[in-house]
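Subject: The structure I promised you

Hi,

Here is the structure we talked about, with the sequence alongside. Have a look at it first, then read on for what turned up.

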Amino acid sequence: MGYTDSTDFPVKNALYPTLNGPEDAFVTKLSASGNALVYSTYLGGSGSDYGQGVAVDAGGDVYVTGQTYSSDFPVTPHAYQTSANGSCSFVAKLNATGSRLGWSTYFGQNCSADTAAIALDSQESVYLTGTGYPGLPVTAGAPQPVFGGAADAFLAKLGPTGASLVYCTY
């Protein structure tokens, strides 16, 4: 997981085999011995996209998060946030073979979230953290519902299908 501007990045069994923007996120899975590519794919739209965090569930599905400046980032129809709305963050799930996008969503609007890390629980709910700015989608009852300064940390939880925001707080 990371990002590249290389047009000849090593792809294998790629869901997205070509660079779409100036920089794309990438997801690469190595064999257990670390000496062979299982799959390697670009992930992004026509703008710049940066992979910043990765987690893997018990079944080998890969969850990634990062920054996107693409209004056409590949999001799935029933995602939590299907339109960019000035979003600068994404969250996506790829199946264990890298051949299918399980779900993908934008997160935040008007660059309100800079996602930096991702984690999963046993039900495959997704936890995000990073830097939050004004406009973060804070949920009712949040411990810190109001932006407090130049840049605040945030914590958010998405449901296991990527279609719902369980909570979000500064």
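Predicted model: local features only at pLDDT ≥ 70, side-chain atom pairs only at ≥ 80, totals over all residues.

Let's start with β4 and β5. These two strands pair in the antiparallel sense, with seven bridges between them.

Now follow β5 to its other partner. β5 also pairs with β6, again in the antiparallel sense, this time over six bridges. Here Gly-66 has Phe-90 in β6 as its bridge partner. And is β5 mostly covered or mostly open? Mostly covered: seven of its seven residues are buried.

Next, the charged side chains. How many salt bridges are there? The count comes to two. In one of them Asp-61 meets Lys-93, with the closest N and O atoms 3.6 Å apart. Asp-61 sits in the loop between β4 and β5, while Lys-93 belongs to strand β6, so this pair ties together parts that are 32 residues apart in sequence. Both Asp-61 and Lys-93 are buried.

In the other salt bridge Glu-124 pairs with Lys-93, and there the closest N and O atoms are 3.7 Å apart. Glu-124 lies in the loop between β8 and β9, so its link to Lys-93 in β6 ties together parts that are 31 residues apart in sequence. How covered are these two residues? Lys-93 has a relative accessible area of 14%, so it counts as buried, whereas Glu-124, at 26%, counts as partly exposed. Through shared partners, the salt bridges join Asp-61, Lys-93 and Glu-124 into one network.

Four strands make an open, antiparallel sheet in the order β8-β9-β10-β11. Its edge strands are β8 (113-120) and β11 (165-169), each pairing on one side only. On average, neighbouring strands in this sheet are turned by 20 degrees against each other, direction ignored. Inside the sheet, β9 (residues 126-132) and β10 (residues 152-158) run antiparallel and are joined by seven bridges. If you want a residue pair to click on there, Val-126 stands opposite Leu-158 in β10.

Definitions and conventions
Residues numbered from 1 in each chain as written. Heavy atoms only, no water. Pairing = 2+ DSSP bridges. Axes fitted to C-alpha atoms, helices over the stretch in contact; angles between N-to-C directions. Salt bridge = Lys/Arg side-chain N within 4 Å of Asp/Glu carboxyl O. Buried < 20%, exposed > 50% of the residue type's maximum accessible area, 1.4 Å probe, protein only.
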